[in-house]
Amino acid sequence: MKVIIRADASIEIGSGHVMRCLTIAKKFREAGCLVTFWMEPLPGNLIDVVAQEGFNNVIQAGYADIYIIDHYALDKEWEQTIREYSQKIIVIDDLARSHVCDVLLDQNIVPNYATRYDGLVPEHCKKLLGPQYLILRDEFIRARQQPRKRAGIVNRLLVFMGGSDPTNETMKVLQALEHFRFEHVDIVVGNGNLLKEQIKAICNQYGYYFHCQIDYLATLMQRADFAIGTGGGTMWERCYVGLPSSATVVADNQRETTEYAEELSVVYNLGWHEQVTTNTYKDLLSNLIVNEMGAKGLALTANKQPNAWLHEIMELMK
């Protein structure tokens, strides 16, 4: 069975879409499928990263049994044009847009998550909604199976503000950290971060541990007592492994989910990035109280079967 994944990464878009699609690609490959990516060569793309994982890239439509589309700039009109090339179209979204697809996957939770796609997708479309359908790398599944009890004292801090961090949240956090001392600080960036060399130099100066474009983020999460991050997919990953954290909203699509996550007491919502300053992070670090945040995150993301979305899709293709 042939699968084509349409997603992009860039300095402006970030790396999240392609990275979660890379997880999807590996799962389909394990199931015996031939998987190809369709990514445009934008500044800050991850075509080489995907190639290193053994997946080819194309830049035009071709036949596939399944098309997977994870792209905010592509809508139902584009999906309709691709219908002639594919048996099934799977769309990954979190903006409650209208789609022409056979499967709609939205792993986020908002107050009306179970019904917000009603009337926006065809009647036959299978809707996979909520954190029970989280897209998870194997490292996170293993980390959850070996939960770590946290005493509530923050000695180990993890900072990861997304692969490209276009709003420079990492630098704000580093400036705030000058006023504090933790036993261990992990700073994680992606290849798309334009300030990564400057960040690395600061880490060397202060004795922080610098990590770039890694495949062991879950291990760092498992070891950490608290994480400073963004909203979006990594927020749910932190919840999945029981790691208390803060979330800065760095994209419009993160607003509603981050606000609701705070209502559920699984994250501290620091708000929109333009209003978040170095002082915001200083205030956070001065008053770190984790309480039952980690346990609530574990409960919210509980599922009977990790990567249940894959099994649902494979059943549909039989």
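Student: What is the volume of the second largest cavity?

Tutor: In this predicted model, the second largest cavity has a volume of about 40 Å³. A cavity here is a set of points where a 1.4 Å probe fits but cannot get out, and a search of the whole structure for cavities of 30 Å³ or more finds two.

Student: Which residues line the second largest cavity, and which elements each supply at least two residues of that lining?

Tutor: The lining of the second largest cavity consists of Leu158, Val159, Phe160, Met221, Ala227, Ile228, Gly229, Thr234 and Arg238. Strand β8 (156-160), strand β11 (226-230) and helix α8 (233-240) each contribute at least two residues to this lining. Sorted by class, the lining residues of the second largest cavity are six nonpolar, two polar and one charged.

Student: How does the lining of the largest cavity divide by class?

Tutor: The largest cavity, which holds about 50 Å³ of space, has a lining of two nonpolar, ten polar and no charged residues. Its lining residues are Ala9, Ser10, Gly14, Ser15, Gly44, Leu46, Gly163, Ser164, Gly190, Asn191, Gly192 and Gln213; when reading the class count, bear in mind that Gly is counted as polar.

Student: Turning to pockets, how much space lies in the second largest pocket, and which residues line it?

Tutor: A pocket, unlike a cavity, is an open set of points. The second largest pocket contains about 210 Å³ of space, and its lining is formed by Pro147, Arg148, Arg150, Val241, Gly242, Pro244, Val290, Asn291, Glu292, Gly294, Ala295 and Leu298. By class, the lining of the second largest pocket comprises six nonpolar, three polar and three charged residues.

Student: At what angle do the axes of helix α5 and helix α10 cross?

Tutor: Two packed helices are described by the angle between their axes and by the distance between those axes. For helix α5 (residues 169-177) and helix α10 (residues 278-286), the axes come within 8 Å and cross at roughly 55°, which means that α5 is oblique to α10. The crossing in which α5 passes α10 is right-handed.

Student: Which residues make the contact between α5 and α10?

Tutor: On the side of α5, the contact is made by Glu169, Lys172, Val173, Gln175, Ala176 and Leu177, and on the side of α10 by Thr278, Tyr281, Lys282 and Leu285. Divided by class, the contact of α5 with α10 has five nonpolar, two polar and three charged residues.

Methods
Residues numbered from 1 in each chain as written. Predicted model: local features only at pLDDT ≥ 70, side-chain atom pairs only at ≥ 80, totals over all residues. Heavy atoms only, no water. Axes fitted to C-alpha atoms, helices over the stretch in contact; angles between N-to-C directions. Helix = DSSP H or I, 4+ residues; strand = E, 2+ residues; numbered from the N terminus. Parallel < 35°, antiparallel > 145°, perpendicular 65-115°, else oblique. Left-handed = near helix turned anticlockwise from the far one by under 90°. Contact = heavy atoms within 4.5 Å. 1 Å grid on protein atoms, 1.4 Å probe; cavity = no way out; pocket = protein on both sides within 12 Å on 5 of 7 lines; lining within 4 Å. Points joined across faces, edges and corners; volume = space filled by probe spheres on them.
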